[in-house]
Amino acid sequence: MISRRDFVVGASGAAAMAAGLGSLPAQAQTVDLLKMFVPAAPGGGWDQTARSLEAVLRATGAVNGVQITNVPGAGGAVGLPQFLNNWRGQGNSLMVAGMVMVGSLIANKSPLKITTAVPVARLTGEFLALAVPASSPFKDAKDFVAALKADPTKVPVAGGSAGGSDHILLGTIAKAVGVPAARVSYVAFAGGGPAMAALLGSQVAAGISGYGEFGEQIKAGKLRVLAISADKRQDGIDAPTFKEQGIDVELFNWRGVFAPPGVSDADRNAMIAMISKMAATPQWAEMCKQRDWTQITLTGDGYKAFLDAEVARIEGILKDLGLA
Amino acid sequence: MEGFNGLMMGFGIALTPMNLLWCLVGTTLGTAIGVLPGLGPALTIALLLPITFKVEPTSAFILFAGIYYGAMYGGSTTSILLNTPGESASIVTSMEGNKMARNGRAGAALATAAIGSFVAGTIGTLGIAFLAPFVVDWALKFGPAEYFALMVLAFTTVSAVLGNSAVRGLTALFFGIWLGMIGIDLQTGQARFTFGVQELFDGINVIVVAVGLFAVGETLYNAATYKEGETKITPLKGSLMMTKLEWKRSIGPWLRGTAFGFPIGAMPAGGAEIPTFLSYYAEKKLTKYPEEFGTVGAIEGVAGPEAANNASAAGVLVPMLTLGLPTSATAAIMLSAFQSYGINPGPLLLQTQPALVWGLIASLFIGNVMLLVLNLPLIGLWVKMLNIPAPQLYAGILVFATIGTYGISQSYIDLILLYAIGIVGYLMRRYDFPTAPVIIGMILGPLAEQNFRQAMTISAGDWTVFFTRPLSLTIIVISVLLVVAPKLYGMVKARQAVA
Amino acid sequence: MRGRAEAGLAKGELTVALGVVALAFVVLWQAWSIPVSPIYAKVGPTLVPIMAGLGLLVFGLALLVSALRGGWQPDEEKAVMPDRRALGWVLAGLALNVLTIGPLGFTLASILLFVCVTRGFGSRNMLRDAWIGAVFALIAYLGFAKTLNINIGSGVIENGVEWVITMVRGR
C-alpha cells in the first residue's frame with residue numbers, strides 16, 4: 001500500500017509539472033503538493049468543495065499541485081478508516097468532510113469518530129429550506145407546524161436518504177414544536193431529483209433540501225419556501241428563518257477540512273494558516289457565492305469545540321428519529 | 001415553431017469548428033468509457049469537471065453530451081462481443097446480442113445496435129426539442145404509487161427470461177431480489193444483510209453482478225467444458241453487415257424501443273433499465289422467430305433494447321433541461337457543471353440561457369451522426385476480435401472485467417464479489433438456472449420496494465392507494481392482463497376445441 | 001418424471017438445492033435481525049427481505065424434491081464431467097489476482113491471471129501468454145493513468161514504466 005502511495009505522489013507531481021500547472025517557481029510558503037482525501041464520489045458536495053479549494057489555492061499560489069483521492073461509500077464511512085490509518089502522520093494532506101459524515105457514522109453504528117481526525121477548519125455551510133408546491137394551503141411555517149401537530153402522518157415530507165441532513169432538520173423541527181420525532185412521516189428519495197419531482201408533482205405535502213436546489217423553482221413560481229434553517233435573514237433570499245417564525249431551529253449542512261491523526265503541531269498550524277488565508281481571499285468568496293455556500297469559517301480549537309457539540313446534538317436527534 | 005427556430009440557432013452554435021471538435025472528442029471518449037464496465041459517463045464527466053474552469057459553457061456541455069451519448073453506444077459493443085455489459089442499461093442487449101455474436105452474426109448485432117441507437121437517439125432528441133414541456137407535465141403525474149405499478153408491470157417481463165423451468169427461474173429471481181436488498185435501507189437507514197462490511201452499505205453494484213454472472217461465470221463454464229481445437233464461436237457467417245431481412249426485422253423493434261425508452265427515461269424515477277426489459281419482453285412476444293430467442297440470438301432482442309436504452313438517455317435530459325431536475329447520476333453531475341459556471345438550472349433555464357440549451361440539443365443531433373459514422377466502420381474490426389483463440393480471448397475478458405471492477409474503485413470487496421458471483425454464475429449454468437432473472441430481480445426488487453413504501457408512507461398506511469389513483473390502477477390492470485390473458489385465451493381455445 | 005434407472009438421487013442437483021435452502025435460512029435469519037424502528041412499523045425494512053427469504057425457501061424446497069426424484073437435468077448432461085484441472089487453473093488465476101493486485105500492482109496481477117486462464121484453456125506457451133497479458137494490462141493501465149488521471153493500481157511494473165516515461169520526457 002505504502003509503495004503505491006509514494007508512487008502516486010511522484011507520478012502526479014510529475015504530471016502536474018508536465019501539464020504546466022502551477023508553472024511558477026516555488027515560493028517560500030508554497031506547499032509543493034497538497035493531497036486531498038474525499039470520502040465520496042466525484043461530483044458530490046465534498047468533492048466540489050475539494051475541487052474549489054484546489055482552484056483557489058492554485059490561483060492564489062498557495063500550492064503548486066493538488067492530488068485528489070476519492071473513496072466513496074456509506075456517507076464517508078468507507079473512506080474515513082482509510083484516511084485515519086493509511087494517511088496517518090502525513091502533514092501535506094487534508095480530508096474534506098462534513099455534517100453528513102457525523103450523521104452516517106452514528107446511524108451506521110460505526111466505531112470510528114470524526115474527531116479522531118485533526119480538525120483544521122470549518123469552511124462552508126448550506127442552510128436547508130422547507131418548501132411546498134405553489135398550490136399548497138401552507139402559507140408559512142406556522143401553518144405547516146399546525147398541520148404537523150394535528151396529525152403528523154397526514155403531512156408527508158420528502159427529502160434525501162433517511163438519517164441525512166434533510167431528515168435531521170425535520171426531526172429538529174418536530175422536536176422544537178413538541179411533536180414526537182418518531183411520528184413524522186418522512187419519505188426518503190434517492191437523490192435530489194426524484195425528491196424534487198415528487199414535490200413539484202404535489203405527491204407530498206412539503207419537501208426539505210438545500211436552499212440552492214429550490215432557488216430556481218421558487219423564481220419560476222413553482223414552489224414556495226416556508227422557512228430556511230439559517231440563523232438570520234440572508235441577502236437576496238426572500239424567505240424568513242424558522243427562528244423568525246417562533247420555531248427554534250437552526251441547521252447548517254457544514255463542510256470542513258481535517259488533517260490525518262498523528263501530524264505534528266507545526267504541520268497542523270501550517271495547514272490552519274494556509275486555509276485561513278485562503279478563506280479570506282476574494283476568489284474564495286466568489287466561489288462560495290457561485291455555489292450558494294455560506295462562508296462559516298471556524299478554525300483550529302474553535303472548530304474542535306464546535307465538532308464535539310455537533311456530534312452530541314446529531315446523536316440526540318438521530319436517537320429521537322429511531323436511527324441511532 | 002419556437003422549437004424549430006431554437007434548433008436552427010442551436011445548429012448555428014454547435015456547428016463551429018471548435019464545438020464540432022469538442023463533440024468529436026466527447027463521443028470518442030464516451031464510446032471508450034462506455035465499453036468499460038464500471039466506468040460510466042457520470043464518473044467520467046465528474047473527473048472532467050475541472051475543465052469548466054477553462055472552457056466556455058457551451059463547449060463544455062457539448063463535450064459532456066457527447067460523452068453521455070457515446071457511453072450509451074459503447075456499452076453495447078462489449079455486451080455483444082464479450083458478454084460483458086459496460087452499463088446497466090446494456091445488460092439486456094448482451095442476452096441476445098452475445099448469442100448472435102457466437103453464431104456468426106456479430107456484425108449484424110453491432111450494426112442493429114448502432115443504427116437503432118442512432119434512430120432512437122435522433123427521435124429522442126427531437127422529443128427533447130419539441131415535446132419536452134408536455135412530457136414533463138405528464139411525467140410529474142407519476143408518484144410512488146404509479147412507479148410501484150410500473151415496477152409490477154416490469155416484473156411481468158421476467159416471464160420472458162425464465163427459461164424452461166419456472167422453479168429454477170424464480171429461484172434466480174428471488175436470489176436477485178435478495179442481492180438488491182443488501183445495503184442501507186433508504187427509508188429507515190438500517191443496514192440490511194451487510195454482515196458489518198462497510199463497503200456493502202451502499203449496496204452491490206448491478207454491473208459487478210452482471211459481469212460476474214455473465215462473463216466470469218461463462219469463462220469458468222467454458223473452461224470446464226472446453227476441448228482443445230474445438231471452437232464454440234463462429235466469428236462470421238454470411239455478410240458482415242445486416243441483411244435485407246435483418247433490416248426488416250429491426251425497424252419495428254427500433255421504433256417500439258424508442259416508444260418505451262423516451263417517456264420512461266423522462267420520468268424522474270424511471271431509469272434506463274426498465275424500458276430495456278419492457279422492450280425485450282415485447283419483442284419476444286411479437287417476433288415471428290421465437291425459436292431464435294435464447295438459442296442463436298434474435299436480432300429483435302438486440303434492436304429493441306438498444307433503441308430503448310438510447311431513447312431513455314434522451315428522455316433523462318427532458319426533466320434536466322426543462323425543470324433543472326437531475327434524475328440520473330449523469331444528469332446530476334451535468335447540473336453541478338452548470339453551477340460552476342454560475343448558471344442555476346431550473347424551469348427558467350431555456351429563457352435565460354437559450355443559446356446554451358439549444359446548442360446542447362443541436363450537438364446531440366450532431367453527436368448522434370458522429371457516433372454512427374464512428375461506429376459502423378469499426379464493426380469489421382470488432383468482429384475480428386472473435387478470431388482471437390479461446391484461451392487468450394477468455395483470459396482477456398477476465399482481465400478486462402477486473403479493470404472495470406477493481407481498477408476504478410480499488411475495492412477488494414468488489415473484486416471478491418465479482419469472482420464469487422462468477423462462481424455462482426458457473427454453478428447456475430452447470431445446473432441449468434437462467435441468469436437473467438437475477439439481474440431483473442436485483443434492479444426491480446429494490447425499486448419496487450422503495451416506491452411501495454414511499455407510497456404507503458404518503459398515504460399514511462392506506463393500502464388502497466394503488467387502486468384509487470387512475471394511472472396506477474390502469475398500469476396494474478395492464479400487468480394483470482399480460483399475465484392472465486394468454487392463459488385465458490388458451491383455456492378458451494381449448495374449450496372451443498373440445499366443443 | 002424422467003424415471004432414472006438408479007437410486008433416483010442426483011448428487012450435484014441435491015447439493016445445489018440444499019445450498020438454496022441453506023441460503024434461504026440465512027436470509028430469513030438475517031432479515032429478522034434487521035432492527036425496525038417504531039416509526040416505520042407499517043411497512044418496515046424487513047417485509048421484502050422476508051419475502052425474498054420465503055421465496056428462496058419455497059423454491060429451494062421444490063428443487064430439493066426434484067433432486068430427490070432424480071434431478072432435473074437430462075442424463076446426457078449429467079454425464080458431462082467438468083474438466084477439474086481446467087477449472088482449477090482458472091480459479092487459481094482468480095485467487096492469485098485477488099491476492100496480488102494490491103501488493104504487486106495491476107499489471108503483475110493481470111499477467112498471473114492471464115497465464116493461469118490461458119493455461120486452463122489448454123495453452124502451453126506460458127511465456128508468450130505472459131507477454132500478451134503484460135502488453136494488454138499495461139495499455140489499459142497507461143490509458144487510464146494518462147487520459148483520465150485514474151490510477152487503477154500501480155506496483156512494481158507500473159512504477160518502472162512511469163519512471164522511464166518521466167526520464168524520456170525530462171530529456
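**Exercise 1.** Describe how helix H8 (residues 166-181) of chain B packs against H18(B).

*Solution.* Begin with the geometry: the two helices pack at an angle of about 45 degrees, and their axes lie 6 Å apart. Here helices (H or I, at least four residues) and strands (E, at least two) are DSSP runs numbered from the N terminus, while axes are lines fitted to C-alpha atoms, for helices over the stretch in contact, with angles running from 0 to 180 degrees between N-to-C directions. That angle makes H8(B) oblique to H18(B), given that angles under 35 degrees count as roughly parallel, over 145 as roughly antiparallel, 65 to 115 as roughly perpendicular and the rest as oblique. Next comes the handedness, and H8(B) passes H18(B) in a right-handed crossing (left-handed if the near helix is turned anticlockwise from the far one by less than a right angle, right-handed if clockwise). Finally, look at the residues that meet: those of H8(B) include Phe174(B), Ile177(B) and Gly180(B), and those of H18(B) include Ile440(B), Ile443(B) and Pro446(B), where two residues are in contact if their C-beta atoms, placed from the backbone, lie within 7 Å. The residues of this contact divide into 14 nonpolar, five polar and no charged; Ala, Val, Leu, Ile, Met, Phe, Trp, Tyr, Cys and Pro count as nonpolar, Asp, Glu, Lys and Arg as charged, and the others, Gly among them, as polar.

Before going on, note how the model is to be read. This is a predicted model, in which local features need pLDDT of at least 70 and side-chain atom pairs count only at pLDDT 80 or more, whereas totals for chains, interfaces and linings use all residues. Residues are numbered from 1 along each chain as its sequence is written, and chains are lettered from A and ligands numbered from 1 in the order in which they are written.

**Exercise 2.** Compare the packing of H4(B) with H5(B) and that of H11(B) with H12(B).

*Solution.* Take H4(B) and H5(B) first, whose axes are 6 Å apart at an angle of about 50 degrees, so that they are oblique to each other. H4(B) passes H5(B) in a right-handed crossing, and the residues that meet include Ser76(B) and Ile80(B) in H4(B), with Gly97(B) and Ala101(B) in H5(B). This contact is made of three nonpolar, six polar and no charged residues.

Turn now to helix H11 (residues 273-286) and helix H12 (residues 300-323) of chain B, which pack at about 150 degrees with axes 8 Å apart. That angle makes H11(B) roughly antiparallel to H12(B), and H11(B) passes H12(B) in a right-handed crossing. The residues of their contact divide into five nonpolar, six polar and three charged.

**Exercise 3.** Where do Asn83(B) and Ala460(B) lie, and is each buried or partly exposed?

*Solution.* Asn83(B) is in the loop between helix H4 (57-82) and helix H5 (91-102) of chain B, and has a positive phi of about 60 degrees although it is not a glycine. With 24 C-beta neighbours inside 10 Å, Asn83(B) counts as buried. Ala460(B), also not a glycine, has a positive phi of about 55 degrees and sits in the loop between helix H18 (436-458) and helix H19 (465-468) of chain B. Its 15 C-beta neighbours inside 10 Å make Ala460(B) partly exposed.

**Exercise 4.** Summarise chain C and its contact with chain B.

*Solution.* Start with the chain: chain C has seven helices and zero strands, and buried residues make up 39% of its 171 residues. Then consider the contact, which takes 57 residues from chain C and 51 residues from chain B. On the side of chain C that touches chain B, H2(C) gives the most, with nine residues, and the residues of that side divide into 37 nonpolar, 16 polar and four charged.

Methods:
A residue is buried if 20 or more other C-beta atoms lie within 10 Å of its own, exposed if 12 or fewer, and partly exposed in between; C-beta atoms are placed from the backbone.
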